[in-house]
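Subject: The structure you asked about

Hi,

Here is the structure for you to open and turn around on your screen. My notes on what turned up in it follow below.

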Amino acid sequence: MIAELDELPPGEALFDMDGTLVTHDVAESCLRRVDATGHRNAVTEAHDGVFAHYQQLGDYFAQCRYAAVALGGLRVRDVEQMVDDAFATGDNEPVAAMCELAHWMSRRHRVWLLTGSPEILGELVARRLGLQHWYGIKQPFDGDRLVPSTYGITTAGPGKVEAAWVMTGRVPVFAVGDSPHDLPLLRHARVARTCGKSAGVEFPAYP
């Protein structure tokens, strides 16, 4: 599908999630559902609207971390239900061309879903799409409940490059994303594509 990849040895292929493998932003879909259920935790209890507070944060990296923190106190099955509902209602849908590319690449390369969203969402979406590897904003667990805090790398912007080294220990053969926050990772990969507003400017568009 991408001729340049035929010239490279097997390696790591990194796919962004929101806006790339799936339409829209899964974390935002879940935050709306957090508001709908009235769920709050020690961090979010002071916020009249979780999604509104998330939108008001002026820093993208703070938004990424807050999206994870807001899920704190929920059980994994509760989060999974939110994701299932988001897909069932069409708030998020698989992007067919990108999913086809990911599965095509998995014949020779190890495919990762690398997201700035909470890792629990990356895992749930990856499993839904038939992918075996994922990495995102990490947070602790108390049994099967998420804790309202995060740790480790904020997997956005340069953090995606840092995460790629932690995940794989080598330069990826391929990366694809849809936003300017993905550009450091795309510049880090041997071959890269974009599918968002920046498509075709610095990197070729896909498909």
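Let's start in helix α2 (residues 50–56), where F51 and Y54 both sit, three residues apart, or about one turn of the helix. Before going on, keep in mind that this is a predicted model.

**Rings**

F51 and Y54 form an aromatic pair of the stacked kind, with 5.8 Å from centre to centre and 20° between the planes. Are these two buried or exposed? Both F51 and Y54 are buried.

The structure holds three aromatic pairs. In general, a pair of rings is described by how far apart the centres are and by the angle of the planes. Another of the pairs is Y60 with F61: the centres are 6.1 Å apart and the planes stand at 75°, so this pair is edge-to-face. Y60 is partly exposed because its relative accessible area is 30%, and F61 counts as partly exposed too, at 28% relative accessibility.

One more ring to look at is F87, where R128 lies over the face, 4.3 Å from the ring centre.

**Salt bridges**

How many salt bridges does a search of the whole structure find? The search finds 14. As a rule, side chains of opposite charge can pair when their charged atoms come close. Here are some to click on.

R193 and E4 meet through their side chains in a salt bridge, at 3.0 Å from N to O. R193 lies in strand β7 (residues 191–194) and E4 in the segment before β1 (12–15), so the pair ties together parts that are 189 residues apart in sequence. R193 counts as buried because its relative accessibility is 10%, while E4, at 35%, counts as partly exposed.

D85 and R33 make another salt bridge with their side chains, at 2.7 Å from N to O. This pair links distant parts of the chain, with D85 in helix α4 (residues 76–88) and R33 in helix α1 (residues 26–37), 52 residues apart. D85 is partly exposed, with a relative accessible area of 31%.

Then there is R187 with E202, whose side chains meet in a salt bridge at 2.9 Å, N to O. R187 lies in helix α8 (residues 183–188) and E202 in the segment after β7, so the pair ties together parts that are 15 residues apart in sequence. E202 is partly exposed, at a relative accessible area of 42%. Salt bridges that share partners also join E12, R110 and R170 into one network.

**Back to R33**

R33 is buried because its relative accessible area is 12%. Which side chain does the side chain of R33 make a polar contact with at 2.7 Å? That would be the side chain of D91. Leaving out neighbours within four places in sequence, R33 is in contact with M82, D85, A86, T89 and D91.

**And H109**

Last stop: H109, in the loop between α5 (96–105) and β2 (110–118). H109 counts as buried because its relative accessibility is 7%. The side chain of H109 reaches the backbone nitrogen of G11 at 3.0 Å. If you skip residues up to four places away in sequence, H109 touches P9, P10, G11, A13 and V173.

Technical notes:
Residues are numbered from 1 along each chain as its sequence is written. This is a predicted model: local features need pLDDT of at least 70, side-chain atom pairs count only at pLDDT 80 or more; totals for chains, interfaces and linings use all residues. Side-chain values use heavy atoms; hydrogens and water are left out. Helices (H or I, at least four residues) and strands (E, at least two) are DSSP runs, numbered from the N terminus. Buried means under 20% relative accessible area, exposed over 50%, partly exposed in between (1.4 Å probe, protein chains only). A polar contact is a pair of N or O atoms within 3.5 Å; within protein, one must be able to donate a hydrogen and the other to accept it, and residues adjacent in sequence count only if both atoms are side-chain atoms. Contact means heavy atoms within 4.5 Å. A salt bridge is a side-chain nitrogen of Lys or Arg within 4 Å of a carboxyl oxygen of Asp or Glu. Rings of Phe, Tyr and Trp (its six-membered ring) pair if their centres lie within 6.5 Å; planes under 30 degrees apart count as stacked, over 60 as edge-to-face and the rest as tilted. A charge sits over a ring if NZ of Lys or CZ of Arg is within 6 Å of the ring centre and within 35 degrees of the ring normal.
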